[in-house]
Amino acid sequence: MISSSTTTSAELTTVFADLHIHIGRTGRGEPVKISGSRDLTFAGIAKEAAKRKGIGLVGIIDCHAPGVQEDIDRCLEQGEMQELKEGGIAYQGTTILLGCELEIREPGMGPAHLLAFFPHLETIRGFTEWLKARMKNVGLSSQRVYAPAVTLQEEVYARGGMIIPAHIFTPHRSIYGSCAPRMSDVLDLSLISAVELGLSADTEMAGLISELDPFPILTNSDAHSLGKIGREYNELRLKEASYHEFVKALRREEGRLVAGNYGLNPRLGKYHRTYCSNCNYIIDEAEANVERCPYCGSPKLVRGVLDRIRSIADRAEPSVPRYRPPYHYQVPLEFIPGLGPAKLELLLDRFGTEMNILHHVPEEELAEAVGTDLAQLIGMARSGRLELSAGGGGIYGKVKKS
């Protein structure tokens with residue numbers, strides 16, 4: 001089994017990171033993310049990331065919930081996890097960052113979600129006390145905070161934390177998708193550490209908005225089930241997997257950096273194109289700028305990410321800052337036609353983790369396990385060469401069968 005971190009120099013290590021994973025239930029069965037799977041517990045996520053996925057840094061973003069904090073205490077007391085001095089919780093070669101997803105809503109604007117991360121359990125426990133007076137149910141995920149957005153930002157950074165706007169272009173509860181045409185209309189830009197693209201956008205699309213130029217881009221899964229962990233992820237260069245090393249990577253300090261973004265081709269994202277909620281028609285490139293569905297005539301359109309970005313862009317052509325890493329279009333194993341659970345288990349039994357299968361195992365060795373056709377598809381998935389149909393309106397795009 002390959003380690004979740006592999007040495008690249010005498011000092012720095014390559015670490016794969018997925019920093020947006022939800023808790024479905026606490027260890028006692030209490031709901032946290034209502035739409036999340038029941039097996040998305042704190043311990044369950046740690047085991048999936050370390051043993052099956054091969055991800056070295058995971059962000060669990062419902063750690064503000066008191067029930068989840070009890071689970072973390074239990075894991076620490078039992079000795080299966082350890083809190084790191086440099087921030088984070090260590091488990092079998094994987095480090096967990098403690099975070100939460102919060103909803104803001106400024107007067108006259110739509111809602112938007114922010115991710116907040118903190119270095120230590122006691123830090124986020126103190127933040128939970130602050131939230132209790134400003135949130136209706138602090139035990140649930142993604143709840144609205146009844147405080148000005150900038151006040152929330154200031155509180156997080158005063159506690160040694162960071163803010164990362166979540167899935168910034170999606171049509172539901174995001175800064176650009178449902179809140180405002182500019183982040184600066186809502187947030188203090190000096191109190192943002194990075195931005196998260198979401199499943200229906202890529203670096204080129206973000207390059208149409210100049211306001212985003214200073215910010216590192218992250219690609220995360222927003223997983224609501226164990227299987228979705230790692231469907232999008234980041235390649236980081238760190239000395240070790242910890243909170244403070246992650247901070248250095250976002251600041252590009254001492255050689256630490258975000259070295260790569262791995263994500264779905266935006267066409268596979270479920271909000272990529274405008275969608276008619278009346279007849280379920282996905283409006284693709286040739287019919288992009290319409291106000292009514294070209295199929296049924298209904299005005300009930302859910303504006304897709306690409307079309308929303310075009311409507312608020314301040315550039316005619318994308319300009320990607322030189323410091324930004326390559327964006328790799330990578331199709332997750334679960335999207336590959338013919339690669340069902342049984343064959344995936346064959347690959348995992350032989351090669352260890354999904355990261356190993358996606359990044360390191362030669363095609364000829366994959367072919368020995370699952371046959372030439374599937375091995376070729378996995379190779380094409382690595383390089384973004386699979387033909388895709390566009391997603392929209394909450395429906396994922398698909399890999400076209402040859």
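Q: How many helices and strands are in the chain of this predicted model?
A: The model is predicted, and its chain holds twelve helices and 17 strands.

Q: What share of the 402 residues in the chain is buried?
A: A residue is called buried when its relative accessible area is under 20%. Buried residues make up 56% of the 402 residues.

Q: Why is strand 7 described as largely enclosed by the rest of the structure?
A: Strand 7 covers residues 112-118, and seven of its seven residues are buried, so the strand is largely enclosed by the rest of the structure.

Q: How do you know that both faces of strand 7 are covered?
A: On one side lie Ala112, Leu114, Ala116 and Phe118, and on the other lie His113, Leu115 and Phe117; all of these residues are buried.

Q: What makes strand 6 and strand 7 a pair?
A: Pairing requires at least two bridges between the strands. Strand 6 (residues 94-104) and strand 7 are joined by seven bridges in the antiparallel sense. In this pairing Leu102 stands opposite Leu114 of strand 7.

Q: What makes strand 7 and strand 8 a pair?
A: The requirement is again at least two bridges, and four bridges join strand 7 to strand 8 (residues 162-165). These two strands run antiparallel, and Leu115 stands opposite Ile164 of strand 8.

Q: Which residues of helix 7 are buried, and which residue follows the helix?
A: In helix 7 (residues 243-251), Tyr243, Glu245, Phe246, Val247, Ala249 and Leu250 are buried. Arg252 follows helix 7 and has a positive phi, near 60°.

Q: Which residues make the contact between helix 9 and helix 11, and how many are nonpolar, polar or charged?
A: Helix 9 contributes Lys343, Leu346, Leu347, Arg350 and Phe351, while helix 11 contributes Glu365, Leu366, Glu368, Ala369 and Val370. By class, the contact has six nonpolar, no polar and four charged residues.

Q: What share of contacts between residues at least 6 apart in sequence joins residues at least 24 apart?
A: Among these contacts in the chain, 68% join residues at least 24 apart.

Definitions and conventions: Residues numbered from 1 in each chain as written. Predicted model: local features only at pLDDT ≥ 70, side-chain atom pairs only at ≥ 80, totals over all residues. Heavy atoms only, no water. Buried < 20%, exposed > 50% of the residue type's maximum accessible area, 1.4 Å probe, protein only. Contact = heavy atoms within 4.5 Å. Nonpolar A, V, L, I, M, F, W, Y, C, P; charged D, E, K, R; others polar.
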